[in-house]
Amino acid sequence: MSGIDKDLQCRELIAKAVCGKGQKYSTTTQTILPSHTPSTILGCWLINNSFQAEKVGDAIEITGTCDVNLWYSFADNTQTEVKKETISYHETVPLSYYDTNCRGDLEIIARAVEQPKCVKAEISGGGTVTIRIEMEYAVEIIGETKMCVVVCSGGCDDKDFIIDDFSDSSEDYDDFESADALFDDLD
């Protein structure tokens, strides 16, 4: 065995890492009951989205609320009004990757890739309006995990382990022209 081989050892490190991931696009419908029977839907916006995420089994459950602003006309399109209503939603995001070896307190990070938005609003029977909402969430689980790394007992200052000396000097690249390199390949 050479001197270098016996100086190498394996050590276990514990580090925080992404232990699970998932993403889900979903659509849902909600029914809104305006104060007046609508003649025409003029617009529908979802604002003030807020949500929380927690791990349940092998998935992340997202529970949230947002405000619906439904602008509509009534009385044969002679008057308009905005109906404001807070709605709640619940989405389960499956994990496409999950390392069961994670330990410690798990941190759940969820973000809205696509905020909830109304993609269709239509007048239904009985003076109600049905809105179709789409949204997309991405989640990550952060936890402690073990890594095995190779270390040398001689320390990092040993000259045998210096690979290359990189300096901030750019004198090697002063005469370099990227366009010349591109056209050299075409010749």
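Visitor: Which strand gives the most to the nonpolar patch?
Guide: That's strand 2, residues 38-56, with three residues in the patch. Keep in mind that this is a predicted model. The patch itself is made up of L42, W45, I47, W71 and V82, and together they have about 440 Å² of accessible area on the surface.

Visitor: What makes L42 partly exposed?
Guide: L42, which is found in strand 2, has a relative accessibility of 35%. Buried means under 20% and exposed means over 50%, with partly exposed in between. L42 at 35% therefore counts as partly exposed.

Visitor: And why is S73 called buried?
Guide: Its relative accessibility is 4%, and the cut-off for buried is under 20%, so S73 qualifies. You'll find S73 in strand 3, residues 59-74. Leaving out residues up to four places away in sequence, S73 touches T37, P38, S39, T40, L42, Q79 and T80.

Visitor: What makes the pairing of S73 and N77 a polar contact?
Guide: Their side chains come together at 2.5 Å, and a polar contact needs N or O atoms within 3.5 Å, one able to donate a hydrogen and the other to accept it.

Visitor: How do you know that T128 is buried?
Guide: The relative accessible area of T128 is 17%. T128 sits in the loop between strand 6 (103-123) and strand 7 (129-152). The T128 side chain reaches the backbone oxygen of G125 at 3.1 Å. Setting aside neighbours within four places in sequence, T128 is in contact with T31, I32, L33, P34, E122 and I123.

Visitor: How do you know that C19 and C102 form a disulfide?
Guide: Their sulfurs are 1.7 Å apart, and the rule asks for a pair of cysteine sulfur atoms within 2.5 Å. The count by this rule is one disulfide. The bond links distant parts of the chain: C19 is in strand 1 (residues 8-32), while C102 is in the loop between strand 5 (97-98) and strand 6, 83 residues apart. Both cysteines, C19 and C102, are buried.

Visitor: Why is the disulfide of C19 and C102 called left-handed?
Guide: The torsion about its S-S bond is about -100 degrees, so the disulfide is left-handed.

Visitor: How many helices and strands are in the protein chain?
Guide: There are two helices and seven strands. From the N terminus on, the elements run α-β-β-β-β-β-β-β-α. Of the 187 residues in the protein chain, 25% count as buried.

Definitions and conventions. Residues numbered from 1 in each chain as written. Predicted model: local features only at pLDDT ≥ 70, side-chain atom pairs only at ≥ 80, totals over all residues. Heavy atoms only, no water. Patch = residues over 30% accessible without salt bridge, like charges linked within 9 Å, V, L, I, M, F, W, Y side chains within 5 Å. Areas by Shrake-Rupley, 256 points an atom, 1.4 Å probe, with all protein chains shown as cover. Salt bridge = Lys/Arg side-chain N within 4 Å of Asp/Glu carboxyl O. Helix = DSSP H or I, 4+ residues; strand = E, 2+ residues; numbered from the N terminus. Buried < 20%, exposed > 50% of the residue type's maximum accessible area, 1.4 Å probe, protein only. Contact = heavy atoms within 4.5 Å.
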